[in-house]
Amino acid sequence: MLKYAPTFLILLTFAYQATTLIPPKFQWRTIDFAFEDGERESAIKSGMYIPNNNMPTGLARWKDKLFITIPRWKKGVPASLNYVYLNGSQQEPLHPYPNWEEGAGNCRLTSNRTVVSTFRVHVDKCDRLWVVDNGVCDMSETAEQVAPPSILVFDLNTDMLLAKYEFSDDVLRDTSVLTSIVVEIPACKNANCSNAFAYITDMGSNAVIVYDFANNDSWRVENHYFHFDPHAGVYKVGGIDFYWRDGVSAAALTPPKKGGFCDLYLHPTSSTKLFKMSTKLLRNKTASSDDILNGVEVVGDRGPKSQATACDIDPKTNILFYTQVCKNGLGCWNIDKPFSIENSPVIFSDCNLMEFPNDVKVDNEGNVWMLSDRQSRFLYEGMDYEDINFRVLSAPSNLLVQDTACAKKR
């Protein structure tokens, strides 16, 4: 009996976590939109909406809204930035944000507030939505650049655009793909919402781009650890084998430490290692190349087949949550504990509910939100649209880590 006890305990833990996540908060066979009467058929006829070409990749919660992003991988995406109301049905249709008119349904800028194509978004403590827009349509085929890559910042209480910043060529490369964004509001004596720094992962050209909101400036930070690991480029998800060379793609900020700076935890998608870097260094535009070279710390290795697309930290518990793509699950690590495989377990795994977990976020109430989207099928072998393909699952952070190595010791 003792020989099988650890496996038995793992199964019991998975069963417990599953009860906190089921049923899914939202689930869809295909993504639908809240068209007005008659407009859905017209959008399909014109090609503005092709249901099978819409795959969500990112999410973020604000009050009664859950934002859901749909990059323009293919033609027929009515809007890249969308939301649903939390009190809606499981198959709730998406509402373009900020509205239908500015959703770029024809893949063209209709106003300064139009978001062409975004992977993930961030909601800060000042009730602002930060969006990094790649400005590209039909990424998997023609890859048409219809707008410069940019950051848009919305006031969520009024839906007004507070700022839009277009990146200059000196911080981008021809292969740039901007995936995730996190925002630091420095905790100083006179801190206010205008003093903010955004950190954007450039998965395509292996860099972190820093945006100084107060001074409307940006710069590029490069390090060899931001590149993919050739030994971690092999994936098998949903029965599909593929090879990716994706660089740094996700980042999460700790609460401020002594001195007022945070640690930025980050990792390439095609890697099993976790790294961190102080924002004291990232905020310094004139930091020397030697300081940047030595400024990234290897935290540890999660182990084989532990590639992750996204991560986020619960600031109340100091628990880092991260997707586990090849394991169709969710992992965690309490950053107050030493990093090890034992201290960074997979706390939930399900080949159906969590096939290709693509994003994870922790809201300001301590709830974990996860999005699974079967991306490997979408990109390589086609979906079965008679089946549920996209799911949003949610549970309180403390319940997800209960009885795991991530829980705090009593």
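This is a predicted model: local features need pLDDT of at least 70, side-chain atom pairs count only at pLDDT 80 or more; totals for chains, interfaces and linings use all residues.

Colleague: How many salt bridges are found in the whole structure?

Modeller: Side chains of opposite charge can pair when their charged atoms come close. Here a salt bridge is a side-chain nitrogen of Lys or Arg within 4 Å of a carboxyl oxygen of Asp or Glu. The search of the whole structure finds 21. One of them joins glutamate 222 to arginine 173, at 3.7 Å from N to O. Glutamate 222 is in strand E15 (residues 217–222) and arginine 173 is in the loop between strands E11 (160–166) and E12 (178–184), so the pair ties together parts 49 residues apart in sequence. Strands (E, at least two residues) and helices (H or I, at least four) are DSSP runs, numbered from the N terminus.

Colleague: Which residues are linked with Arg173 and Glu222 in a network of salt bridges?

Modeller: Asp202 and Arg220 are linked with them in that network.

Colleague: Where does lysine 285 lie, and where aspartate 217?

Modeller: The side chains of these two meet in a salt bridge, 2.8 Å from N to O. Lysine 285 lies in the loop between helix H3 (279–282) and helix H4 (289–294), and aspartate 217 lies in strand E15, so this pair ties together parts 68 residues apart in sequence.

Colleague: Are glutamate 355 and arginine 374 buried or exposed?

Modeller: Buried means under 20% relative accessible area, exposed means over 50%, and partly exposed is in between (1.4 Å probe, protein chains only). Glutamate 355 forms a salt bridge with arginine 374, with the closest N and O atoms 3.5 Å apart, and both residues are buried. By contrast, lysine 285 counts as partly exposed at 47%, and aspartate 217 is partly exposed at 23%.

Colleague: Why does asparagine 367 count as buried?

Modeller: Asparagine 367 counts as buried because its relative accessibility is 16%. Its place is in strand E27 (residues 367–372).

Colleague: Which residues is asparagine 367 in contact with, leaving aside neighbours within four places in sequence?

Modeller: Contact means heavy atoms within 4.5 Å. Asparagine 367 is in contact with Arg61, Lys361, Val362, Ser394, Ala395, Pro396 and Ser397, once those sequence neighbours are left aside.

Terms used
Residues are numbered from 1 along each chain as its sequence is written. Side-chain values use heavy atoms; hydrogens and water are left out.
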